[in-house]
Amino acid sequence: MAGERTAWGIEIGAQALKALRLERQGDQVQIADFSYIPHKKVLSTPDVDSDEVIRLAIGQFVSQRPDLGDGAVVVSVPGNAAFARFAKLPPVEPKKVPDIVKFEAVQQIPFPIDEVEWDFQTFASPDSPDVEVGIFAITKANIAGRIALYREIGLFPDGVTLAPVSTFNAMQYDLDLGEDVPGIIILDIGTTSTDLIIAEEGRTWVRTFPSGGHTFTEALIETFKLTYSKAEKTKAEAQTSKYRRQILNALRPVFSDLAQEVQRSIGYYQSTHPNANLTKLVGVGSTFKLPGLRKFLSQQLQMEVVRLDEFQKIKPSGRGAELFSNHAVNFASAYGLALQGLGLADIDVNLIPVSVVRDRLWANKIKWFGAAAALVVFGSLLSFARPVLDGRYSEQPPEFENDIKRIIDDAKALKGRFEEIQQETDINAKAGNIIQTLDHRDVWKHMYSDLSQMLASGNPQPELFSGDPDLVSAIPPAQRRVLDLVSFDSEYPTVNRNASSSRTTGASDSDSGNPIVRCKMVVETPNAEGVSFINSSILNWLRNNQDRDGVPYRLIVPSGSSALIPGAVMVVPGGDEPVGDSARGGRQRGDSRSGRGDFGGKGGEYGFSEGGDGMVVGEGGIIASTGGRFPSSRNRGNNAYMNVGNLDQLAPLPDPIQFLPPGTKYNQYTITWEMEILPPDQAADEETDKEVKG
């Protein structure tokens with residue numbers, strides 16, 4: 001991979017997303033940025049949708065890094081999702097090495113060669129004529145699925161490699177593991193598997209076996225009869241737990257199994273490399289924080305065992321230094337990935353499909369094609385404009401110009417008159433729009449009730465509604481599970497009724513012919529979980545309530561990340577008094593010229609109210625509003641009128657008191673979905689069907 005000046009290395013593990021951006025300065029690098037985004041649940045947790053968890057992590061990362069496109073982006077795949085095979089090549093001319101390697105690949109890879117993406121790296125020692133090759137492969141179906149998932153969220157990698165290979169690159173660079181340095185063993189204990197990497201005399205050897213942090217968690221579940229989440233927490237707190245001895249006794253059998261697998265791997269490597277001099281084992285990964293593990297492995301392997309707590313050649317600085325240092329044990333793979341993007345990796349294996357590379361190249365060239373086309377068009381215009389400027393076409397008689405201008409003006413006048421007559425005589429269309437509004441009057445009552453439930457889906461702490469400022473202020477803003485509604489908009493369906501036909505159309509039509517209403521909701525929250533919090537609350541509610549009895553519509557939620565658009569990150573301005581959503585000091589949005597403002601503030605918290613509780617008629621559509629709580633619902637046809645009643649009685653919303661201190665950050669998010677309005681007979685039939693099946 002060609003070196004860039006900056007590069008992101010991104011590893012999406014079972015516990016968290018780790019991303020590291022390095023900036024190259026000669027042969028040295030420094031940390032330009034990093035991100036550590038823990039998953040809400042470990043990917044190995046039973047019944048967890050791992051793809052959805054990964055979507056959330058990538059979505060949060062991409063939304064926080066708008067400049068991600070600058071420099072290279074290299075991602076990894078776990079060692080247990082790919083293949084690493086090693087073989088010695090017979091003495092051949094260098095130009096014939098690729099042919100020999102392909103032959104070896106066919107023999108070594110347990111899949112047809114045309115069903116995998118593969119790459120290789122050769123290793124040679126200066127004092128030995130032997131040439132070794134490392135062959136690395138992943139099935140095309142596997143890599144295609146991963147790339148599609150990344151691109152769906154807006155992440156476009158330039159390179160993909162194996163996590164153990166990137167870990168080797170990081171250690172090789174950071175520890176200066178040259179040919180004259182004794183060999184070391186790098187043990188990366190992941191959640192579902194462990195990568196054992198041997199670095200010796202400038203070459204590497206990799207083995208991945210199915211034993212990892214998940215195995216330790218299962219041992220605690222079996223011994224103490226815990227839930228998976230509780231066992232994970234117990235494992236993480238083992239060092240400081242008062243039950244430390246009991247926890248270690250439960251984990252001792254897993255320690256033994258791990259030590260045996262390491263011994264087997266070392267034994268095999270030494271059988272093929274009799275002169276290997278392996279003197280030390282370096283442990284990476286969160287599992288190495290377990291108390292007693294290093295001591296146990298050192299006794300069993302009879303060698304020095306250390307844990308990677310910091311890197312030698314990159315040092316964090318600034319406000320994030322402490323956070324990076326706390327998680328340095330988990331950043332080895334991301335470190336190596338970024339080095340590969342900079343062109344500083346010893347092993348430059350790239351498993352990204354050729355078709356993806358071609359797409360990226362064409363995408364980069366398109367802007368140059370566009371610029372070239374613009375120059376051509378500009379040149380053509382000049383060649384045409386020049387004669388005009390020279391007066392070559394000024395020989396046309398002036399009276400012709402007057403005739404042409406008069407004809408154009410007459411045509412415009414006739415067109416305007418025609419449109420006036422059409423509007424005056426199109427009485428049926430206007431009447432149809434008003435009648436259609438009444439056809440769906442029950443929809444909005446249910447819809448506003450849904451909005452109330454969506455805002456409550458975050459499960460806010462009861463203290464936020466207590467009215468006691470001390471109880472509210474005791475909860476840090478970043479931990480508050482509260483959602484503030486900024487606005488709600490919907491494109492209301494229009495009816496077209498002609499003498500010969502009657503058909504309802506919406507913002508878009510479903511396959512069933514039912515009208516579709518597009519909905520857009522903007523919310524704010526100070527909760528630090530951001531995208532993850534929105535997904536587990538509002539989006540989760542939408543997904544779980546798409547089809548319900550007694551509701552005259554069906555919710556349609558876009559798949560993937562298209563339903564959620566992260567917005568701006570805002571900061572509460574400074575001042576002497578705390579800023580909150582109440583009359584005692586609060587943010588106030590919208591415009592309420594009369595009527596009751598929401599959340600006790602002067603003016604409308606949400607939207608625009610012109611005449612108090614009830615109806616406001618806006619030009620070009622309905623504005624269903626009561627005191628400014630919700631903004632507009634627009635009719636895309638002619639004016640229509642609707643009084644939805646008092647929404648505080650139909651779907652009351654609680655009045656939280658937040659008291660956000662100056663400097664508090666809060667994020668804004670836009671959630672979109674659609675409603676398919678069901679005809680009364682269809683809704684009744686579906687409810688009857690459910691009763692029968694029940």
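Reader: At what angle do the axes of helix α5 and helix α7 cross?

Author: Roughly 135°, in this predicted model. The axes of α5 (residues 213-224) and α7 (residues 244-272) come within 9 Å. That angle makes α5 oblique to α7.

Reader: Is the crossing of α5 and α7 left-handed or right-handed?

Author: Right-handed.

Reader: Which residues make the contact?

Author: On α5, Thr215, Phe216, Ala219, Leu220, Thr223 and Phe224. On α7, Gln246, Ile247, Ala250, Leu251, Val254, Phe255 and Leu258. By class, the contact has 10 nonpolar and three polar residues, with no charged ones.

Reader: Now the open sheet. What is the strand order?

Author: β11-β10-β9-β12-β13, five strands with mixed pairing. β11 (203-209) and β13 (304-307) are the edge strands, each pairing on one side only.

Reader: How many bridges join β12 and β13?

Author: Four, in the parallel sense, with β12 covering residues 278-284. Leu281 stands opposite Val305 in β13.

Reader: Which strands does helix α8 touch?

Author: α8 (residues 293-301) packs on the sheet and touches β9, β12 and β13. The direction of α8 makes about 155° with that of β13. Helix α4 (residues 163-174) also packs on the sheet, touching β9, β10 and β11, and its direction makes about 40° with that of β10.

Reader: What is the mean pLDDT of the protein?

Author: 76, with 70% of residues at 70 or more. Over residues 384-396 the pLDDT is below 50, and beyond near neighbours in sequence that stretch has four contacts in the model. Residues 684-694 are also below 50, with seven such contacts.

Methods
Residues are numbered from 1 along each chain as its sequence is written. This is a predicted model: local features need pLDDT of at least 70, side-chain atom pairs count only at pLDDT 80 or more; totals for chains, interfaces and linings use all residues. Side-chain values use heavy atoms; hydrogens and water are left out. Axes are lines fitted to C-alpha atoms, for helices over the stretch in contact, and angles run from 0 to 180 degrees between N-to-C directions. Helices (H or I, at least four residues) and strands (E, at least two) are DSSP runs, numbered from the N terminus. Angles under 35 degrees count as roughly parallel, over 145 as roughly antiparallel, 65 to 115 as roughly perpendicular and the rest as oblique. A crossing is left-handed if the near helix is turned anticlockwise from the far one by less than a right angle, and right-handed if clockwise. Contact means heavy atoms within 4.5 Å. Ala, Val, Leu, Ile, Met, Phe, Trp, Tyr, Cys and Pro count as nonpolar, Asp, Glu, Lys and Arg as charged, and the others, Gly among them, as polar. pLDDT is the predictor's confidence in each residue, from 0 to 100. Two strands pair if DSSP finds at least two bridges between them.
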